[in-house]
Amino acid sequence: QVQLVESGGGLVQAGGSLRLSCAASGRTFSSYAMGWFRQTPGKEREFVAAISRSGSSTAYADSVKVRFTVSRDSAKNTVYLQMNNVKPEDTAVYYCAAAPYDYRLTYVYTLEDEYRDWGQGTQVTVSS
């Protein structure tokens with residue numbers, strides 16, 4: 001099992017930037033792919049971005065492509081979500097997630113059900 005703790009959320013103006021962090025512990029960090037999801041009240045959790053075990057492959061939702069960047073730092077056991085040019089519709093609770101072990105170094109997961117461990121979430125609010 002992996003323990004995940006998100007941080008970096010807060011209030012930001014539209015057009016601004018924010019970087020979310022997700023610190024992981026409990027399993028060898030390089031053994032699992034990671035992802036970011038978000039959820040707003042009354043809506044289902046939606047995929048935002050994902051990164052493979054090796055960090056060489058990434059995937060993004062169309063709504064955040066070009067604006068958001070996912071990365072991982074094995075030395076710090078941390079995955080990041082750099083959010084640029086944020087919009088009011090980016091307002092949500094953001095969750096990081098860890099997938100089960102997969103031998104494939106470059107595979108990315110985009111479905112919620114593919115992830116096993118979840119953080120508690122961090123609120124991001126974008127004002128217009």
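**Ground rules**

I number residues from 1 along each chain as its sequence is written, and my side-chain values use heavy atoms, with hydrogens and water left out. Since I work from a predicted model, local features need pLDDT of at least 70 and side-chain atom pairs count only at pLDDT 80 or more, while totals for chains, interfaces and linings use all residues.

**Entry: the disulfide**

I looked for disulfides (cysteine sulfur atoms within 2.5 Å) and found one in the structure. Cys-22 and Cys-96 form it, with their sulfur atoms 1.9 Å apart. Cys-22 sits in strand 3 and Cys-96 in strand 9 (residues 92-98), so this pair links distant parts of the chain, 74 residues apart.

Are the two cysteines buried or exposed? Cys-22 is buried because its relative accessible area is 0%, and Cys-96 is buried at 0% as well. My cut-offs use a 1.4 Å probe and protein chains only: buried is under 20% relative accessible area, exposed is over 50%, and partly exposed is in between.

Next I went to the start of the chain. Gln-1 is in the segment before strand 1 (3-7), and it counts as exposed because its relative accessibility is 64%. I listed its contacts (heavy atoms within 4.5 Å). Beyond neighbours within four places in sequence, Gln-1 is in contact with Ser-25, Gly-26, Arg-27, Arg-116 and Asp-117. I also checked Ala-23, which is 22 residues along the chain from Gln-1; the C-alpha atoms of the two are separated by 14 Å.

Arg-27 came next, in the loop between strand 3 (18-25) and strand 4 (34-39). With neighbours within four places in sequence set aside, the contacts of Arg-27 include Gln-1, Val-2, Tyr-32 and Ala-99. A polar atom of the Arg-27 side chain lies 3.0 Å from the backbone oxygen of Ala-99.

Where is Arg-67? I found Arg-67 in the loop between strand 6 (58-60) and strand 7 (68-73). Its side chain reaches the backbone oxygen of Ser-63 at 2.8 Å, and makes a polar contact with the side chain of Asp-90 at 2.7 Å. By polar contact I mean N or O atoms within 3.5 Å; within protein, one must be able to donate a hydrogen and the other to accept it, and residues adjacent in sequence count only if both atoms are side-chain atoms.

Arg-67 and Asp-90 also meet in a salt bridge (2.7 Å, N to O); here I need a side-chain nitrogen of Lys or Arg within 4 Å of a carboxyl oxygen of Asp or Glu. Asp-90 is in the loop between strand 8 (78-83) and strand 9, so its pairing with Arg-67 ties together parts that are 23 residues apart in sequence. Both Arg-67 and Asp-90 are buried, Arg-67 at 9% relative accessibility.

**Entry: other salt bridges**

How many salt bridges did I get by this rule? The count is eight. One of them joins the side chains of Arg-38 and Glu-46 (2.6 Å, N to O). Arg-38 is buried at 6% relative accessible area, whereas Glu-46 is partly exposed at 35%.

Asp-102 bridges to Arg-104, with the closest N and O atoms 2.7 Å apart. Asp-102 is buried at 9%, and Arg-104 is partly exposed at 34%. Salt bridges that share partners join Arg-38, Glu-46, Arg-67 and Asp-90 into one network.

**Entry: rings**

I paired rings of Phe, Tyr and Trp (six-membered ring) with centres within 6.5 Å, calling planes under 30 degrees apart stacked, over 60 edge-to-face and the rest tilted. That gave seven aromatic pairs. Phe-29 and Tyr-32 are edge-to-face, at 5.8 Å centre to centre and 85° between the planes, and both residues are buried. Tyr-109 and Tyr-115 have ring centres 6.0 Å apart and planes at 70°, so I call that pair edge-to-face too.

Which residues form the aromatic cluster? I wrote down Phe-37, Phe-47, Tyr-107, Tyr-109, Tyr-115 and Trp-118. Last, the charged end of Arg-104 sits over the ring of Tyr-107, 3.9 Å from its centre; the rule is NZ of Lys or CZ of Arg within 6 Å of the ring centre and within 35 degrees of the ring normal.

Definitions and conventions. Helices (H or I, at least four residues) and strands (E, at least two) are DSSP runs, numbered from the N terminus.
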